[in-house]
Amino acid sequence: MQGFITPPNHKGFSAKRLFDENGKIKWGAIAYIDVNGGGPEGNHTHKEDHIFIVVDGEARIMLDDKAVIVKKNESVFVNGMTPHSIWNNANQTTVVIKISTESEAE
């Protein structure tokens with residue numbers, strides 16, 4: 001498991017840092033995105049930023065017209081003012097944890 005470590009004084013324990021400080025956490029959710037599912041259709045913007053953590057499967061995050069692929073056990077930070085959407089990029093249900101943070105500009 002690439003990027004995972006066993007911290008000192010731990011046994012049978014693997015951990016991987018997914019993100020560093022990215023503003024004040026406002027709320028979080030878990031999403032199950034079906035094959036060919038995602039959204040919104042057409043990118044959107046808003047004041048809150050996001051941290052997407054892929055728990056299973058693979059997600060395609062659209063940032064304007066650029067696709068960013070996020071695999072299982074990876075994360076990505078999305079500035080809420082960048083037009084964005086999230087889509088399943090796998091042939092299985094993709095599971096994503098979404099953490100919304102207060103924008104640094106607030």
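Which residues does Thr6 touch, not counting residues up to four places away in sequence?

1. In this predicted model, Thr6 touches Phe13 and Ser14 once residues up to four places away in sequence are set aside.

2. As to its setting, Thr6 belongs to the segment before strand 1, and Thr6 counts as partly exposed because its relative accessibility is 47%, which falls between the limits of 20% and 50%. Along the chain Thr6 and Arg60 are 54 residues apart, and their C-alpha atoms are separated by 29 Å.

3. Strand 1 itself covers residues 25-33 and includes Ile30, a residue that is partly exposed, with a relative accessible area of 49%. Together with Tyr32, Val55 and Ile97, Ile30 makes a nonpolar surface patch of about 370 Å².

4. His50, which is found in strand 3 (residues 49-56), counts as buried because its relative accessibility is 2%, where buried means under 20%. The side chain of His50 is joined to that of His84 by a polar contact of 3.4 Å, and to that of Ser100 by a polar contact of 3.1 Å.

Key
Residues numbered from 1 in each chain as written. Predicted model: local features only at pLDDT ≥ 70, side-chain atom pairs only at ≥ 80, totals over all residues. Heavy atoms only, no water. Patch = residues over 30% accessible without salt bridge, like charges linked within 9 Å, V, L, I, M, F, W, Y side chains within 5 Å. Areas by Shrake-Rupley, 256 points an atom, 1.4 Å probe, with all protein chains shown as cover. Salt bridge = Lys/Arg side-chain N within 4 Å of Asp/Glu carboxyl O. Helix = DSSP H or I, 4+ residues; strand = E, 2+ residues; numbered from the N terminus. Buried < 20%, exposed > 50% of the residue type's maximum accessible area, 1.4 Å probe, protein only. Contact = heavy atoms within 4.5 Å. Polar contact = N/O pair within 3.5 Å; in protein donor to acceptor, adjacent residues only side chain to side chain.
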